[in-house]
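Let's take a walk through a protein model and look at how some of its charged side chains pair up.

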Amino acid sequence: MKSQIDHLVVAAHSLQQGVEWCEATLGITPAAGGEHEKYGTHNRLFKIATPAFPVAYFEIIAINPDAVIEKKPPPARWFDLDSKQLQAELAKSPRLVHFVVNTDNIQDARHAWKNQGIDRGPIIHASRKTPKGLLQWQITVRPDGDRLFNGTLPTLIQWGKPEAADPMQLHPRNHLPRSGVSLKSLTVSHPSASKIKAAYEAIMLGNIDVTEGPANIVATLQTPKGLVTLESLGI
């Protein structure tokens, strides 16, 4: 099993708020993303890959006010976006809330965590339209939308159809231009640091320092505005 950081997740009250925050904080305008019909969200993206994080990109995500979700009742949105507490914080400013890990065997990774008493949720098949074709992936989403451990336990993703010969063909890193922003480091702290470390080790996830302390995700980025640190601050 191979696992690596796939993307950082910054949630915003609205996508326009997220774009303005990105321009002011990181000094770039994020590229167009797409819509997620199943969960009624939409996003903007940009590449932050480095040799240490070769497929990493950055997602700014928000609830799409114009989305029509046919299923009644609608499913709980991923990344805790339906949480009233999170929504109250996002009304003030966008926030780094989570990160997603790319694995080449999402079934095995999910079972490895289940053996540790962690229910990351069922594997959902998701997709969105892109200029290059239909981008498809499998992702773990709990029925309650909970990120778990204040967002420090990543969501699992596996790109492409299960039988795809080249599952990474349409991965966002392949068509996003260089952004001028690169991920230098990602660290997490949490009162349950030992459990989180064991979870990372179970899926062979490296390049993330874990310490015991108040819940926090810290991403350090090199940007046109210099070195910028983003924090989740326990939300």
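First, a term we'll need: a salt bridge is a side-chain nitrogen of Lys or Arg within 4 Å of a carboxyl oxygen of Asp or Glu. The idea behind it is simple, because side chains of opposite charge can pair when their charged atoms come close. Keep in mind that what you're looking at is a predicted model.

Now find Glu89 and Lys92. Their side chains meet in a salt bridge, with 3.3 Å from N to O. That N-to-O distance counts as a salt bridge because it falls within the 4 Å cut-off. Where do Glu89 and Lys92 lie? Both are in helix α2, which covers residues 84-92, and they are 3 residues apart, about one turn of the helix. Glu89 is partly exposed, at 22% relative accessibility, whereas Lys92 is exposed, with a relative accessible area of 62%.

Is Arg95 buried or exposed? Arg95 is buried, its relative accessible area being 15%.

Next, move over to Asp82 and Arg77. The side chains of these two also meet in a salt bridge, at 2.7 Å from N to O. Asp82 counts as partly exposed, with 30% relative accessibility, while Arg77 is buried at 17% relative accessible area.

How many salt bridges does the structure hold? There are 5, and the ones we've visited include Asp82 with Arg77 and Glu89 with Lys92.

Note on methods: Residues numbered from 1 in each chain as written. Predicted model: local features only at pLDDT ≥ 70, side-chain atom pairs only at ≥ 80, totals over all residues. Heavy atoms only, no water. Buried < 20%, exposed > 50% of the residue type's maximum accessible area, 1.4 Å probe, protein only. Helix = DSSP H or I, 4+ residues; strand = E, 2+ residues; numbered from the N terminus.
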